[in-house]
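Morning, everyone. Please have the sequence and the 3D view open. I'll keep this brief.

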Amino acid sequence: MFTESSNSELNSWTASVSALVLVFIYAPGPPAAGYSLDQDQSLEFKGPPSSMFGYSVLLHRHKAESWLVVGAPVANTSSDHSVSPGALFRCKITAAGPHQCYRICGKTCESESDHQWLGVSLSRQPGKNGGHILACAHRWKNVYYSKRDSQNNKLPNGVCYHYGSDLLNHQHMIPCYRDHQRKFGEDYGSCQAGISNFLTEDLIIMGAPGTSYWTGSVVVFNTSSREMSVYLDNNNIEAVKFGSYLGYSVGAGHFLSPDSVEVVGGAPQYNQKGKVFIFAVEDNMLQIVSQVSGKELGSYFGSSVCVVDLNADGLSDLLVGAPTATGIIREEGRVHVYINQGQVKEEDFQLTGSNAYAARFGETIADLGDLDDDGYPVFMVSLPLCFQRITGSTLRRDLRMFGQSLSSSIDIDDNGYQDVAVGAFLSDSAVVLRTRPVIRVNASLILPEQIDHRVALCRENKHPAVCFNITICFSVQSRHFRGHIELQYNLISDLLHKSSFPHRFYFHGNGSSNSTRGHVRARQGHLTCATHVAYQRKDVRDIFTPVQFEVSYSLREKNSQRASSRSFPPLKPILQQSIGHRNTITNQTRFARSCSLVNCSTNMQLSAHLVLPHQQEFFALGSGHTIMLKASLLNSGDDAFLPRLTLRFPNNIHYIKVLQNEDNVVRCDITEEVNATTVGVDCSVTSLLLPARTQLNISFLLDVNQNSTPGHNLIHVNTSSDNYEMEEYLHDNAIHSLTVHYFCLFSHGLIFVFVTPTSFVLGDEDLIPTNCYSESFNYTYKVLNSGPSRSVDTVVEIMLPKILAPYRHRLLQVNDWQSSQGVCSISDTTISVIEDCEAPQPSFIEQLVFFFSPTSTRRMFCGRTDKLCERLVCRLGNLEVGREVTIQIETSLNPAVLRQAPGRHGIMMLEGTAMMSSPRQDNHTVLIQDQPVAQVKPRADNQNTESGLYIDTPASHFFLLFLCQAGFFKREFHNKDEKLNRDSWDFVPQHSKRESTI
């Protein structure tokens with residue numbers, strides 16, 4: 001697989017990885033830490049500098065000796081002129097140091113061993129003792145043709161050395177060698193066999209990722225039948241594509257049945273996502289029976305595989321490493337777990353790393369067997385993860401690339417537990433970690449079924465006292481550890497007691513303490529117990545809460561036994577651990593009670609209703625009234641301890657107090673979180689008890705913020721206690737439908753209007769000033785919200801006649817305005833007018849006709865949507881109760897326009913209108929229609945006519961009266977815009993429509 005350039009790529013790739021390993025224990029549920037590996041007495045082995053000693057490691061046992069076999073792929077040799085051919089080292093494992101390592105010679109004739117990477121992979125035949133060993137050099141090259149013809153390439157076939165159990169003799173294997181094959185890349189010319197290898201009892205499995213231009217292959221040699229089997233895509237179905245690197249990792253297990261053996265091959269470059277194939281060996285060929293695929297580009301899924309029976313069902317399960325998978329940061333790594341249920345398909349779960357940059361978790365995965373006697377295997381994953389980590393620094397050494405290689409299955413110190421070897425090739429080191437004996441403890445806590453608080457069985461300080469016995473028992477087991485087990489424990493009483501009360505029980509000799517300590521010496525196969533007496537305190541009021549006890553235990557520290565220099569010192573045992581288990585047990589009992597229902601169940605029944613002022617269905621905002629919430633709590637079951645009543649409502653509703661609570665029967669606390677929209681009122685009974693078949697009535701006084709938006713809100717009421725209540729009784733413990741409907745109530749605002757001056761005299765044209773808008777008037781409006789509710793989005797519309805219909809000349813013009821609150825603007829929806837000051841005059845005939853007509857009063861008025869009037873819209877915003885807003889308007893009038901109306905008009909009345917258009921009455925707003933607050937009737941005479949002011953609600957009408965001198969108007973009459981649908985102000989009205997005559 002690797003050329004010279006790819007070698008440097010590998011070096012840079014591995015050098016960036018953190019030196020960490022992680023041990024997992026598989027059990028149902030999340031993985032736990034491999035806690036039983038001892039890090040205090042680890043054994044370290046050193047190799048030649050810059051040899052990559054530790055790139056592969058293998059624990060091995062031959063007869064009574066334990067060895068560590070270490071690969072150093074770039075080690076030099078002094079026996080020939082090869083450049084960095086690599087080497088194997090055999091290190092004898094002894095209790096006393098220093099630990100020496102010796103080179104194992106392995107080379108073939110007629111070969112080029114330069115940079116062959118001997119020791120790139122190591123594996124051992126399964127079994128506790130003995131077994132053969134396979135060591136490979138995947139970059140071994142066949143140079144037969146290249147030496148004879150410079151046009152031919154060196155062929156990196158790869159070589160493996162098959163050693164006996166004594167590591168003295170070996171046989172070399174070149175599985176990819178083919179006679180007369182001289183072309184690089186084609187078929188097996190560059191297969192690089194041995195980059196990975198795996199041994200079973202009968203099979204030697206070697207990965208060959210360079211086969212067929214790096215499509216890859218897996219080569220299997222059966223040591224019993226002496227037959228070689230390979231994977232070839234002879235049917236051209238391209239199950240494995242070019243550049244897949246099949247064989248980068250290999251393994252074997254029982255996937256189809258507990259009796260069959262199938263071969264596993266990883267292809268990390270398949271479609272750039274990776275894939276793992278499971279093969280069956282049939283007629284010297286490997287046939288694909290199953291496959292799993294990676295899902296992330298560049299994750300290198302399949303670069304490591306581990307075959308292990310995780311659930312002890314006889315079928316092998318599969319772990320697949322994806323060391324460059326990216327999660328939150330980049331290349332944190334993942335391990336994918338596949339549980340075999342007759343077929344390996346979709347993954348069951350993933351193991352994730354610590355999200356460290358370029359951590360490449362999952363580069364190496366190793367099966368360590370059952371290290372802690374729980375029946376489940378332990379597997380080790382190199383590089384960081386968030387459970388127990390074993391690092392070079394925790395071993396008090398600076399070890400780089402610690403965890404690149406892993407090995408187990410050998411017990412080096414004969415304590416019955418398999419130990420672990422870990423390589424750190426960038427430090428040219430390897431470390432052996434011994435496994436501590438595991439102790440399984442079964443503990444029990446025995447309590448009386450009930451506590452009779454009325455019977456005193458003991459005496460404490462010469463006084464009768466309620467007491468009972470607590471018995472703690474232990475039984476211990478260990479698969480290999482022999483001897484007594486010293487356990488220490490801590491006993492705690494009354495863990496469930498209420499925080500507002502002291503512990504109800506204590507232990508003799510500790511004064512008021514609710515805990516005591518002890519220790520026992522346990523033997524395997526025997527039950528060891530200890531008894532303690534718990535005393536009840538005086539005046540215990542809580543006889544309803546269960547009484548819980550807890551025992552936590554651990555191994556008692558003692559001096560370690562000394563060992564001879566020839567034997568390993570015994571390791572301290574450790575208690576077996578599992579997910580969620582903290583070496584703690586609990587048990588509880590209850591006070592004896594005379595109950596009428598099963599388990600002394602309460603039966604809390606809640607009822608509640610709202611009482612609004614004057615028995616109304618709605619609540620008027622700002623009315624100054626309050627709301628009463630009446631709640632009734634009935635306990636139809638057994639006694640209820642610490643009964644509670646809880647209110648929950650929006651924060652625009654205010655809790656005031658509990659009514660008729662002079663004796664403090666109920667105590668309430670308000671709870672409101674920061675930035676929360678709801679408020680809670682938590683009430684408790686001060687007597688701490690609601691006895692059976694008793695009722696408690698509680699009345700709450702509430703108010704609603706007057707600035708609330710009209711609508712409705714829900715009030716939730718709930719009751720509970722600290723006692724058990726049967727599920728069929730819970731349906732009436734809560735009320736969620738208490739609805740408060742609230743609305744705005746207005747007198748619709750009072751509008752007071754003042755105008756100055758109130759009148760003027762219309763005389764001869766000789767007396768008319770040169771300014772056509774010669775008459776000025778100032779209007780002042782006082783808008784008052786008389787309540788009781790706030791006026792939201794208040795809008796006032798003021799309308800003044802704009803023209804004298806049917807003529808289009810402007811009669812009145814608004815010069816300026818201002819408001820003490822809000823903004824005003826002129827509406828653009830009114831009729832367009834002629835701004836010319838010279839208004840036409842009636843003809844002589846028209847003046848003569850109207851001269852003989854009776855005098856009358858003329859009204860110029862405005863309707864609600866009259867387009868003949870100027871409209872000023874004032875948006876005043878929100879008006880609080882009692883708030884007054886002043887609007888001032890400056891106007892001027894053109895008298896010439898009035899001269900267009902000939903006839904005997906003793907009084908011409910200019911009527912304006914002011915009304916409040918918002919808020920309006922709807923489902924949440926009610927308007928109160930008041931009577932007019934002021935009314936002034938006009939009176940007139942020949943020379944001086946006074947005008948009055950007429951005020952009404954919701955609209956105020958104001959009149960400006962004009963006195964016209966006797967005589968003809970010297971103007972022409974033009975009959976225009978007769979199509980307007982209202983009586984012309986010019987013509988003499990019919991007698992039935994005259995308001996008054998002079």
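I'll talk about charged pairs first, then aromatic rings.

One caution: this is a predicted model.

Let's start with salt bridges. How many salt bridges does the count come to? The count comes to 15.

Take D722 and K498. Their side chains meet in a salt bridge, at 2.3 Å from N to O. Now look at where they sit. D722 is in the loop between strand 52, residues 711-720, and strand 53, residues 734-746. K498 is in the loop between strand 35, residues 485-492, and strand 36, residues 505-507. So the pair ties together parts that are 224 residues apart in sequence. As for the surface, D722 is partly exposed, with a relative accessible area of 25%.

Next pair: D542 and R504. They form a salt bridge too, with their closest N and O atoms 3.7 Å apart. D542 lies in the loop between strand 38, residues 528-536, and strand 39, residues 547-555. R504 lies in the loop between strand 35 and strand 36, so this pair ties together parts that are 38 residues apart in sequence. Are D542 and R504 buried or exposed? Both are buried.

Salt bridges can also share partners here. That is how K802, R810, E835 and E870 are joined into one network.

The closest N and O atoms are 3.4 Å apart. D452 is partly exposed, because its relative accessible area is 31%, and the cut-off for exposed is over 50%. R454 passes that cut-off at 63%, so R454 counts as exposed.

Now the rings. A search of the whole structure finds 16 aromatic pairs. One of them is F474 with Y553. This pair is edge-to-face, with 70° between the planes and 5.6 Å centre to centre. F474 lies in strand 34, residues 467-477, and Y553 lies in strand 39, so the pair ties together parts that are 79 residues apart in sequence. Both F474 and Y553 are buried.

Then there is Y506 with Y535. How are these two rings arranged? They are stacked, with 25° between the planes and 5.9 Å centre to centre. Y506 is in strand 36 and Y535 is in strand 38. They are 29 residues apart, and the pair links distant parts of the chain. Y506 and Y535 are both buried.

Rings also gather in a group. Y231, Y270, F277 and F279 form one aromatic cluster.

Finally, a charge meets a ring. R90 lies over the face of W67, at 4.7 Å from the ring centre.

That's my tour. Thanks.

Definitions and conventions. Residues are numbered from 1 along each chain as its sequence is written. This is a predicted model: local features need pLDDT of at least 70, side-chain atom pairs count only at pLDDT 80 or more; totals for chains, interfaces and linings use all residues. Side-chain values use heavy atoms; hydrogens and water are left out. A salt bridge is a side-chain nitrogen of Lys or Arg within 4 Å of a carboxyl oxygen of Asp or Glu. Buried means under 20% relative accessible area, exposed over 50%, partly exposed in between (1.4 Å probe, protein chains only). Helices (H or I, at least four residues) and strands (E, at least two) are DSSP runs, numbered from the N terminus. Rings of Phe, Tyr and Trp (its six-membered ring) pair if their centres lie within 6.5 Å; planes under 30 degrees apart count as stacked, over 60 as edge-to-face and the rest as tilted. A charge sits over a ring if NZ of Lys or CZ of Arg is within 6 Å of the ring centre and within 35 degrees of the ring normal.
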